[in-house]
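Trainee: I have a new model on my screen and would like to learn how to read it. Could you walk me through it, one feature at a time?

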Amino acid sequence: MDLLNAFVALANFVLVPAIAYGSQLALGALGVTLIYGILRFSNFAHGDTMAFGTMVVILVTWLFQSWGISLGPLPTALLAIPFGIAATAALVLGTDRAVYRFYRAQKAKPVILVIVSIGVMFIYNGLTRVILGPDDQRFADGERFIISAREFRNLTGLEEGLAIRTTQGITVVTAVIVVAVLFWFLNRTRTGKSMRAYSDNEDLALLSGINPERVERVTWLIVAALVTIAGVLYGLDKSYKPFTYFQLLLPIFAAAIVGGLGNPLGAILGGFVIAFSEVGITYAWKKVLGHALPESLEPDGLVQLMSTDYKFAVSFVILVIVLLFKPTGLTKGKSV
Amino acid sequence: MSGNRVDTAGASPARTAAMFALVLVLIVGTGLVQSWNSALIILNMGLISAVMALGVNLQWGIAGLFNVGVMGFVALGGLAVVLMGMPPVGETWAAGGARVLGGLSVGAAVIVGAVMVWNRGPKRWRGWMTFGLLVVGFVVFRAVYDAGVEAIESINPASTGYLGGLNFGGSPRTEDGLPLADLFVLLAWPAGGLLAAGAAWIIGKTALGLRSDYLAIATLGIAEIVIAVLKNEDWLTRGVKNVTGLPRPVPYEVTLQQDPGFIERAAGWGTDVTTASTITVKLGYSLLFASVLIVLLILAQLALNSPWGRMMRAIRDNETSARAMGKDVKARHLQVFILGSAICGIAGAMMTTLDGQLTPSSYQPLRFTFLVWVMVIVGGSGNNLGAVLGGFVIWFLWVQVDPMAQWLVGAVTSGMAEDSALAAHLTNSAQHLKLLTMGVILLVVLRFSPRGLLPER
């Protein structure tokens with residue numbers, strides 16, 4: 001029995017990856033929830049918007065790398081993020097003007113907007129594949145580890161190592177900064193307050209002279225920033241492939257719904273709930289249990305509840321369970 | 001649907017006839033310009049797409065249910081072809097068949113038991129009791145199931161390593177050992193419908209009470225899970241190793257080419273034997289698929305115009321008032337969800353029969369869920385003939401945009417240098433232009449003709 005080693009193994013294989021993954025999901029889910037709260041539809045093109053933004057960042061990163069610009073130990077992609085956000089913002093604002101605005105003016109039902117977003121999804125997906133292709137791309141550079149397993153073992157003398165990759169550290173730091181800025185914006189600035197007012201009660205907000213076009217524009221800008229950052233962090237941490245980003249739609253939506261659609265705090269909570277369950281259920285607990293339990297109880301098998309191939313099943317089951325027992329999500333979400 | 005048009009009249013018979021004549025022209029045109037072989041390939045997949053679109057139209061167009069898990073039901077239909085078409089593998093059944101089935105029964109029993117405990121158990125303790133039952137049940141399930149799976153998958157994994165199907169007789173062959181048509185595999189089509197219906201029942205029971213967006217995400221998730229099962233449960237489907245050589249309900253080309261009677265007939269038609277045999281085989285499929293489509297279409301039309309159809313549309317247009325009239329909305333939704341999914345399952349089984357193999361990794365949501373949605377919306381949701389038309393038109397475009405894009409890229413890059421990286425990149429990405437085209441078509445139709453090519457009456 002060795003609780004310290006058990007904890008280090010737990011941190012290495014479950015806590016650190018899940019916190020990083022949860023931060024990425026939370027950023028993605030914030031975008032979904034903002035669109036749902038203010039533009040009032042579920043945006044199926046979200047995953048492909050993420051893929052598009054990340055693609056621009058990757059292209060700019062390669063350009064910088066070819067010029068010899070780098071951030072030293074940090075990935076060059078961080079420098080390229082503003083360009084990705086700008087391109088994505090232009091894309092979503094253009095889409096809003098050319099496509100979504102027409103249906104808003106008509107006061108179309110939300111489900112019509114969802115179908116429209118499926119068309120947009122096809123277009124973004126095609127764009128990304130035409131420009132960069134459907135394959136895996138690697139764009140991470142700089143230092144690989146903040147602390148590697150070997151360094152940790154040498155430092156502490158423990159049997160288990162704790163590796164923290166640079167990308168994981170960057171993910172968490174960036175996510176904290178982005179969320180802090182976002183909440184400051186929503187709670188403290190005039191525009192942010194008008195956005196929340198518009199989300200709570202559209203008619204009342206319009207009566208008080210809030211300009212809906214401005215609110216919608218700002219929402220798309222924020223969403224563009226959120227998806228690009230989330231996409232780049234996910235791509236740095238794992239790898240970039242347009243189809244994977246499309247599939248992220250499921251855990252991201254699950255996170256937003258589990259947390260309560262339309263509620264930003266809920267989206268963050270949901271992101272971590274989904275990430276921790278996904279990593280926890282698909283992780284083989286043999287090592288951790290081997291340290292934590294007395295020797296006589298040590299497990300023979302891998303103690304893996306589900307194979308990693310079924311990670312979508314985890315988001316799905318949590319989604320269904322939460323919805324069956326708390327139909328508006330863990331925090332009180334809204335419904336249009 | 002929220003059309004911006006004032007006219008409420010549906011598609012006139014003349015318009016319908018003209019549209020279908022256009023499809024005929026497109027397919028015959030392909031035959032004349034490219035080859036009859038490609039025309040028949042498009043026709044066959046068009047027929048299958050039309051069946052899928054019919055299923056989705058039943059759910060969305062008539063009942064207003066937002067199902068984006070079409071791919072899952074289509075894939076279950078494909079699984080049915082393996083289960084009905086392949087002969088059972090004796091060694092694997094002996095090794096672990098009983099264990100796996102036993103494990104699955106334990107799993108099912110635990111879930112049923114948990115639901116019963118939750119519904120009937122004492123209020124105070126039912127949460128803990130359900131949880132405890134699930135945990136114990138999971139451990140027992142894994143203990144029984146895992147060993148069986150391992151035993152099955154270890155037997156000859158390169159060629160079998162799975163349980164096989166229920167085609168006990170095996171497929172018939174000629175005296176020379178050439179394969180013959182096996183009509184037994186036709187049973188896979190209704191079986192695919194049943195499998196999909198069963199899955200739809202489970203999903204509907206849990207997710208249909210939810211709001212439309214939630215239902216959409218739930219079905220999206222189910223479809224991914226079905227694909228994950230097909231990819232990873234090797235004992236059932238051989239996973240990514242694929243099941244090939246599924247029997248066919250139509251003659252085989254090789255057999256026809258050896259048949260003296262057929263050679264004589266081919267000579268009579270004035271074509272070489274190879275072409276004649278491929279065309280004959282494809283025409284056989286076309287006839288089978290067309291009969292299924294026609295039967296389903298007639299049934300769907302009868303249902304649409306029956307009191308049941310009027311009730312479904314009433315529920316779709318105003319759920320609250322339908323409920324006030326005493327209609328059981330939830331039960332009707334479940335019913336139509338199961339029916340529509342079953343039709344998608346049948347289409348999936350037909351498609352896998354046509355392919356002759358089950359390739360779990362080929363199921364992509366854009367192709368098998370969202371493209372079917374484009375078909376329904378473009379064709380005209382709520383109108384069965386519209387959905388069928390959409391199936392043909394969109395499938396035709398999906399296939400034919402490729403050569404058009406290649407041609408376009410060729411024209412654009414013809415001025416560039418031979419070794420230009422941009423030209424190579426453009427040539428490579430021409431194949432992805434069809435996704436873009438589908439998006440544009442969907443958006444244009446939604447904007448300028450939101451009720452589709454053949455609007456609902």
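**Reading a two-chain model**

Mentor: Let's start with one residue: with 24 C-beta neighbours inside 10 Å, I222(A) counts as buried. Buried here means 20 or more other C-beta atoms within 10 Å of a residue's own, exposed means 12 or fewer, and partly exposed is in between, with C-beta atoms placed from the backbone. Before going on, note that this is a predicted model, where local features need pLDDT of at least 70, side-chain atom pairs count only at pLDDT 80 or more, and totals for chains, interfaces and linings use all residues. Residues are numbered from 1 along each chain as its sequence is written, while chains are lettered from A and ligands numbered from 1 in the order in which they are written.

Trainee: Where does I222(A) lie?

Mentor: In helix 9 of chain A, residues 212–237. Helices (H or I, at least four residues) and strands (E, at least two) are DSSP runs, numbered from the N terminus. I222(A) also shows how sequence and space can be read together: A89(A) is 133 residues away in sequence, yet the C-alpha to C-alpha distance is 8.4 Å.

Trainee: How do I read the way helix 2 of chain A and helix 9 of chain A cross?

Mentor: Axes are lines fitted to C-alpha atoms, for helices over the stretch in contact, and angles run from 0 to 180 degrees between N-to-C directions. Angles under 35 degrees count as roughly parallel, over 145 as roughly antiparallel, 65 to 115 as roughly perpendicular and the rest as oblique. Helix 2 (residues 46–67) of chain A crosses helix 9 of chain A at roughly 70 degrees, and their axes come within 8 Å, so the two are roughly perpendicular. The residues in contact (C-beta atoms, placed from the backbone, within 7 Å) include G53(A) of helix 2 and G231(A) of helix 9. By class there are 7 nonpolar, 7 polar and no charged residues. For those classes, Ala, Val, Leu, Ile, Met, Phe, Trp, Tyr, Cys and Pro are nonpolar, Asp, Glu, Lys and Arg are charged, and the others, Gly among them, are polar.

Trainee: And what about helix 1 and helix 16 of chain B?

Mentor: Helix 1 (residues 13–33) and helix 16 (residues 384–413) of chain B pack at about 25 degrees, with axes 10 Å apart, which makes them roughly parallel. Their crossing is left-handed, meaning the near helix is turned anticlockwise from the far one by less than a right angle; clockwise would be right-handed. Among the residues involved are F20(B) from helix 1 and F392(B) from helix 16. This contact has 9 nonpolar, 1 polar and no charged residues.

Trainee: How many residues does each chain give to the contact between the chains?

Mentor: Chain A gives 38 residues and chain B gives 38 residues. On the chain A side, helix 4 supplies the largest share, 15 residues. That side has 26 nonpolar, 9 polar and 3 charged residues.

Trainee: What does helix 4 of chain A meet in helix 15 of chain B?

Mentor: I115(A), I118(A), F122(A) and N125(A) meet L366(B), F370(B), W373(B) and I377(B) there. The angle between helix 4 of chain A and helix 15 (residues 365–379) of chain B is about 125 degrees, with axes 11 Å apart, which makes the pair oblique. Helix 4 of chain A passes helix 15 of chain B in a left-handed crossing.

Trainee: Now the backbone. What is phi at K107(A) and R238(B)?

Mentor: As background, most residues other than glycine have a negative phi. K107(A) has a positive phi near 55 degrees, in the loop between helix 3 and helix 4 of chain A. R238(B) has a positive phi of about 65 degrees, in the loop between helix 8 (234–237) and helix 9 (253–258) of chain B.

Trainee: Are these two buried or exposed?

Mentor: K107(A) is exposed, with 7 other C-beta atoms within 10 Å, whereas R238(B) is buried, with 24.

Trainee: What do the whole chains come to?

Mentor: Chain A has 14 helices and 2 strands, and chain B has 18 helices and 0 strands. Buried residues make up 47% of the 336 residues of chain A and 44% of the 457 residues of chain B.

Notes
Contact = placed C-beta atoms within 7 Å.
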